[in-house]
Amino acid sequence: MTATKPQSMLREASRQVIAGGSAGLVEICLMHPLDVVKTRFQIQRGTTDPTSYKSLGHCFRTIFQSEGVFGFYKGILPPILAETPKRAVKFFTFEQYKKLLNLTPLSPGVALSAAGLGSGLTEALVINPFEVVKVSLQANRDSFKEQPSSFAQARWIIKSDGFGLRGLNKGLTSTLGRHGVFNMIYFGFYFNVKDAIPTNPDPTLEFLRKFTIGLLSGTISSCVNIPFDVAKSRIQGPQPVPGEIKYRTCFQTMALVYREEGYLALYKGLVPKIMRLGPGGAVMLLVYEYVSEWLQRNCLFLIHGSNLAPEAHGIAKACGESLLMSFHNYTGCWGQTVLPETISHKTVNIFESFLFSTLF
């Protein structure tokens with residue numbers, strides 16, 4: 001009995017890790033170009049900035065003409081590397097906070113929002129170093145081939161500023177505010193509204209019902225939390241005067257932007273943010289729900305008592321090979337040496353063993 005419960009909890013956590021990682025990876029690959037555009041708008045300082053973009057279309061055209069198609073994918077490696085732990089933390093902690101808060105006198109609706117807030121704050125602690133590297137790469141307007149790699153950029157940040165609040169963890173308070181507020185509204189709105197609207201027996205209409213609620217969740221959350229996002233981009237991005245820190249803390253940055261550029265400056269990048277996190281938020285929740293349901297349904301069929309069906313090894317091996325192939329493709333694009341064949345097989349075997357021992 002005691003051995004079964006931890007094993008069941010580990011399987012549940014593993015399903016959430018894989019489903020959350022899948023959701024994050026799909027969302028990042030589809031929506032990252034809009035994140036680059038959003039960051040560019042947020043770090044420019046008014047119409048006096050000689051490099052400022054005149055409109056959304058002008059920004060897209062300028063990036064494409066001067067930096068090429070890959071310019072839209074600058075800084076994509078840090079979020080990809082962070083997505084599995086980030087979404088694992090996001091969804092797993094949300095479920096755990098929700099269980100704990102259900103034991104309190106809070107109403108179910110408030111408990112869902114509070115669980116979202118807790119998951120957002122926890123997620124921010126994990127993701128902030130990756131965000132620092134991502135923003136510094138996205139702010140670089142050089143050609144994609146000329147910019148440093150994500151690892152080189154991270155090493156440079158650590159070497160010059162260290163790991164602390166001026167280095168790899170700068171802008172932490174802004175990231176806490178951004179993710180805490182976003183997840184509080186995102187999860188609270190989605191699950192409360194989804195429970196209030198009856199399910200539809202038609203699979204297509206049910207999919208549209210969930211997608212619409214997810215779209216609204218992502219859109220409303222983006223509108224409310226964007227001042228924190230602007231402050232984060234200003235703190236983590238290049239300072240106006242090299243060597244002089246102008247944007248230091250979250251609320252000091254908000255106040256400074258408001259005084260110098262007006263309140264609308266706190267909403268810079270809102271359109272590309274909504275374009276990304278509106279449909280992106282819907283995609284993420286739907287992928288998470290459907291992958292989680294699929295894993296739960298199929299993993300039960302794959303288990304025969306204490307022994308595993310051979311198909312379980314196949315799934316784990318395929319996941320390992322897919323992960324490694326993605327890494328090979330990416331390193332090939334950067335002109336780096338791919339892993340030797342012996343290490344490749346070891347990596348697949350290690351990943352297969354991990355999934356085999358936890359998920360199944």
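A salt bridge is a side-chain nitrogen of Lys or Arg within 4 Å of a carboxyl oxygen of Asp or Glu. Good morning, colleagues. The structure before you is a predicted model, in which local features need pLDDT of at least 70, side-chain atom pairs count only at pLDDT 80 or more, and totals for chains, interfaces and linings use all residues. Residues are numbered from 1 along each chain as its sequence is written, and side-chain values use heavy atoms, with hydrogens and water left out.

The structure holds 20 salt bridges. One of them joins E206 to R209, with the closest N and O atoms 2.8 Å apart. Both residues belong to helix α7 (residues 203-236), where they stand three residues apart, about one turn of the helix. Helices here are DSSP runs of H or I with at least four residues, numbered from the N terminus. E206 counts as buried, at 11% relative accessibility; buried means under 20% relative accessible area, with a 1.4 Å probe and protein chains only. R209 is buried as well, at 11%.

Let us turn to a second pair. K194 forms a salt bridge with E289, the closest N and O atoms being 3.0 Å apart. K194 lies in helix α6 (residues 172-196) and E289 in helix α9 (residues 270-302), so the pair ties together parts that are 95 residues apart in sequence. K194 is buried at 16%, and E289 at 9%.

Finally, D229 and K273 meet in a salt bridge of 2.9 Å, N to O. This pair links helix α7, which holds D229, to helix α9, which holds K273, across 44 residues. Both residues are buried. Salt bridges with shared partners join D229 and K273 into one network, whose members include E27, D35 and R276.

Note on methods. Helix = DSSP H or I, 4+ residues; strand = E, 2+ residues; numbered from the N terminus. Buried < 20%, exposed > 50% of the residue type's maximum accessible area, 1.4 Å probe, protein only.
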